[in-house]
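Visitor: Could you walk me through this structure, starting wherever you like?
Guide: Gladly; here it is.
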Amino acid sequence: MALPNGRRREPPDLFGAWEAGLLLFMVALYFVGAVINPGFFGTPDALLAILRDAARFGVMAVGMSFVIVNRDLDLSVGSTLGLVAVVFSIAYGPTFYDLPSWAGVAIGLSLGAAVGLVNGVLVTKLKVPAFIATLAMLFIGRGLVLGLTGGKTIGYAGKAQTDAFFVLGETQLLGINNQVPLFLIIAALGIYVLGRTRWGYETYATGGNAQAAEYAGIPTDRVRIRAFVLSSLCAAIAGLMNVAQDKTVTSQYGQGSELIVIAAVIVGGASILGGRGRVLGSCLGALLVVLIDKVLREGVPTVRTITVGGVEMEIQGMAQLPPGAVPAFLGLILVAAVLIEPWLIRSGLAARLWARLRGRPAPKGSDEGVAIAGVQTRGTRITARESTASGVAKLLARRESAAVILVVVLWALGAMLRPDFWGSLDNSFNLMLAFTEVALLSIGMTYVIANGDIDLSVGAVLAMSGATAAFLMKELQAGPMVAMAVAFAAGTMAGVVNALLATKARLPAFVATLGMFYIARGIGAWLVAGRQLSGFPESFNLLGRKLIEILSSNGLAPQRGTLWYDVTAAVSVQTLIMATIALVAGIVLAKTRFGHSVIATGGNRRAAEYAGINTDRVRFVSLVFSAMCAALAGIIYIAYLRSFNPSAGQLRELDAIASVIIGGGSIFGGYGSVLGSLAGAAVITLIRALLSLQLLLPDGTSFVMPQHWVNVFIGLILILAVLADIWLRQEGVIQRVRERLAAKPQLREA
Amino acid sequence: MRNLLTTAALAAGFAITGTGASFAQSGMLEKAVGGYTFDTAAKENPATKDFNSNDDKLTFAIVTHTAGNGFFDPTYVGAKVAADAFGINLLMLGSEAPVDDIPREIEILNQIIQDPTIDGVIMTTPQSGAYDDIVKTLESRGIPVATTNSYDPKLRNRNNISHTGQDASAAAIGGEALAKCVIASGVKGGSIIFPSTTTLGNVEVNNRITAAFEATVKTLNDAGRLKNFKIDAGPTNIGIDVDANNIVGSIVSLIESRGDVVGAFAANGFVTPALGNAIAQLNMGEKICSFGFDLGPAQQEQIRAGHLDGSLGQQPFLQGFWPVMQLYLQIDRGIAAANLDTRAQLVTKATVDKVGKRYEN
């Protein structure tokens, strides 16, 4: 179509200033690499290696671009990659089904498409938020990977030697790996489809304004399902590329890659709030993430003196960044890249600078940040039903009731299976102890999610705070009180940074805390240089012990044989700390003005502002509170385990988010209760406890349920809890069916 | 007649002496073992099966810090073989995560020690200090405990708890073999690297890297070749950090960026197969001397195919088999806690066909 001035109307550009900026940044970074290691970065080998290593992330980023432009999110791509790789390996492996590779490929691709279809249907037809639907799929996928492999490696190098499919993973003439051309083809297709076809227009329109798109006749549900299928298909292709290269599969495949791919797409210029993004930018983002990793892992030659067996010797080695530095810098660059837009482009910094240099009045920049809050009131219908119902119905109308009922059912199941000890005082407090860490994280997360935000950094902040306390006590010989205070302050600062980025820089909390996810974990590992630290003062370790130990150390031990003795010998100090915080946080959220402000901010931010609520302050406090809970969990972790391990808190953010959602919290904000989140955390703990429970059979034998499937159960319960909440409670499907059935005889009579 | 009588007497005497010898021996040993026969002495104590739980069977649990990457499978096999041999009911548990998840292992242990039917616990102890409360509770309930695989020297009541495993210093065998391989290859210089997932903070793995690194340095120094090589085990000699979620890719990148790698050593069953895979992808089996730790099926295949020069088997089968035996003997006979050094068996292309025949690796 031509415009009146003769210019052709272009669809969303294929290439823009953002991509140009990314390219410039990559060239600069590459130059740094060339200075550090000219022997590698000075040759085409480096470029080809970057392309090869980015190929799989790039392919996944193509699919993810469609989803994010659509204003959705796909957290399941990493587990889909792993699942497809495992299913291909089981189909192809000579020790399993020994099928030809084409059959494995067909099964793998079909599975990928099916996962995408399930995600799409859950999100569109069943109205499950994309974050939750794909988070549940992440759990299920990872659980299936472990369950199907039993944790074992499946290899088939011998059979693969003569199979043409595996040429895909080989490096051919000119040093080009065959995954690179496949990546380039898929990227080109993605660029064309999103930038130049009807599918692309529909995607941008749906992500930009779904309602307007529907009025314009665009089938938005179909568009969103299509994006999920494309995303999962791309993840499936990446899984096949992975097995083609390795000729083997492990249960680790694809782990963590969902966040790398999302980071790549966001660094590539897409908005997490939809409507904006280009495939080329996403692919460049993937290349940038790989380039950063390669440059930061470089070293410079050095000579060190070491003593071996009493003999001092000089050795040549490499000086490089310590463990943890790579993720820390990756997080910083992610945040910096996303801040470029509001701070440099939208604010018109260059134009204003140029105007000032010329002595002219500076043009006004757009003050709109990256985050554009949707205006929609959430959580009201359920609140209304809750307030109008009475008796048991009132209790059941509460969103957390499902989780509480589930806790009772699971506990009763345990009591039924092992009545001999399940309900004992010791085991009850042991179960409480097992859920303390996730519960503590979920208390802070409740506030954040009720606000309509998310905090992906809690597990990493836990690790950073633990590392800080351990480092201070072991390396700097600080006293426990000083170590705890500094560690708590460090965790709190991480929350302050998250909050500033979310409220002042207007970054979506997802992006801000994704950056902190990498930064905090990196700093934690960096502080301890990848080592375990242990041997803290026993006065500090008491924080992680049973109450009786603290009482005994202060000469207050109760008398043996009394109930008080039994209770103090069973209850842990950390459980009491968590319970106290839960009580206060629960009351504040449910009964105070601030708590109502949190719910109001998440329910409808603009309306809350009109009502005089400082929503930025509320969100700030919530994000800082979440980090404080994580910091406390970190300090307790090292006291409980009497040592610090850099892997502390890994994947706990997913447990905490799942707890809040299972507990009835709305991922869109506007609802959340501490009781519900605690019940959600208890559900997860009880599932894990039941799966490691010894079941006694009548014939005297016993068995333990298959633990490898634990994440499948958690994923299924997560999705069922959300579906029940949406369809049974919010939509009142049963009530509607009952009304319809009741109306039919009346009509007949009439 | 006299001769006949003499012969008959000799024959009878011989016969009597022959059979009488066994009686005499039996009699001697009866005295030696307090008046019982071997058969009687070898019998299980009638009270053994009622130990602790009084349920006419022994139930042991073996709990590891990961059950999600296959490394401990041969350990479970070994434990089951021993358990089956002595009619012991065995629970095989571990963190379901594919990487080390110590808090989860402790969560499982905390539940297991509440179970009144448990008569013995075997556990790995990869995080120093983290298992003391568990040992304390088990002690208070009179349940014996044994540790396996990873060793915590500061564990509560360490001297009275049996440990089965090899010392981390056994990795020095691999470091020495690596240096010898590099020297024998005739290269004039280059880099020798020690990749590891240091951010997982496994103290045992860290110690192995340090031991292998020092052995490589020493061997090269003894051969007067140390100055020819760059030896890189990271800033604190516990390994060059590689991405735990993409180990193969990280090692490939490392080899490519260094450009002159002639030797590599990996320290566990997680990184060693990845090292073999990386070398296979780069097709550099002939150019790089590569050794690792642990000897799963993947490593055995890689050694056969020439993608790994060798790997140290720490005999995971024994790490399951022996602690079950040990606990049984402690309960049945009051045998004091004994340690078993499973040592490290260096397996190369020449010897790989002799191992792993019946799920023991």
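Guide: Let me begin with helix H3 (residues 73-85) of chain B, which lies across S1 and S2 of chain B and runs at about 165° to S2(B). Helices (H or I, at least four residues) and strands (E, at least two) are DSSP runs, numbered from the N terminus, and axes are lines fitted to C-alpha atoms, for helices over the stretch in contact, with angles running from 0 to 180 degrees between N-to-C directions.

Visitor: And what should I know about the model and its numbering?
Guide: Residues are numbered from 1 along each chain as its sequence is written, while chains are lettered from A and ligands numbered from 1 in the order in which they are written. This is a predicted model, in which local features need pLDDT of at least 70 and side-chain atom pairs count only at pLDDT 80 or more, whereas totals for chains, interfaces and linings use all residues.

Visitor: Back to the sheet: in what order do the 6 strands run?
Guide: The order in this open sheet of chain B is S2-S1-S3-S4-S5-S13, with parallel pairing; two strands pair if DSSP finds at least two bridges between them. S2 and strand S13 (340-341) of chain B stand at the edges with a single partner strand each, so one side of each has no neighbour in the sheet.

Visitor: How many bridges join S1 and S2 of chain B?
Guide: Strand S1 (residues 58-64) of chain B pairs with S2(B) in the parallel sense over 7 bridges, and Thr64(B) stands opposite Gly94(B) in S2(B).

Visitor: Which strands does H4(B) lie across?
Guide: H4(B) lies across S1, S2 and strand S3 (120-124) of chain B, at about 165° to S1(B). H4(B) also has a partner in the other chain, since the axes of helix H19 (residues 425-450) of chain A and H4(B) come within 10 Å and cross at roughly 175°; H19(A) and H4(B) are therefore roughly antiparallel (angles over 145 degrees; under 35 would count as roughly parallel, 65 to 115 as roughly perpendicular and the rest as oblique).

Visitor: Which residues meet there, between H19(A) and H4(B)?
Guide: Asn430(A), Leu433(A) and Ala434(A) in H19(A) meet Glu107(B), Asn110(B) and Gln111(B) in H4(B). The residues of this contact divide into 2 nonpolar, 3 polar and 1 charged, where Ala, Val, Leu, Ile, Met, Phe, Trp, Tyr, Cys and Pro count as nonpolar, Asp, Glu, Lys and Arg as charged, and the others, Gly among them, as polar.

Visitor: How many residues of chain B are in contact with chain A overall?
Guide: 59 residues of chain B are in contact with 67 residues of chain A, a contact being two residues whose C-beta atoms, placed from the backbone, lie within 7 Å. The largest share of the chain B side, 6 residues, comes from H7(B), and that side divides into 20 nonpolar, 25 polar and 14 charged residues.
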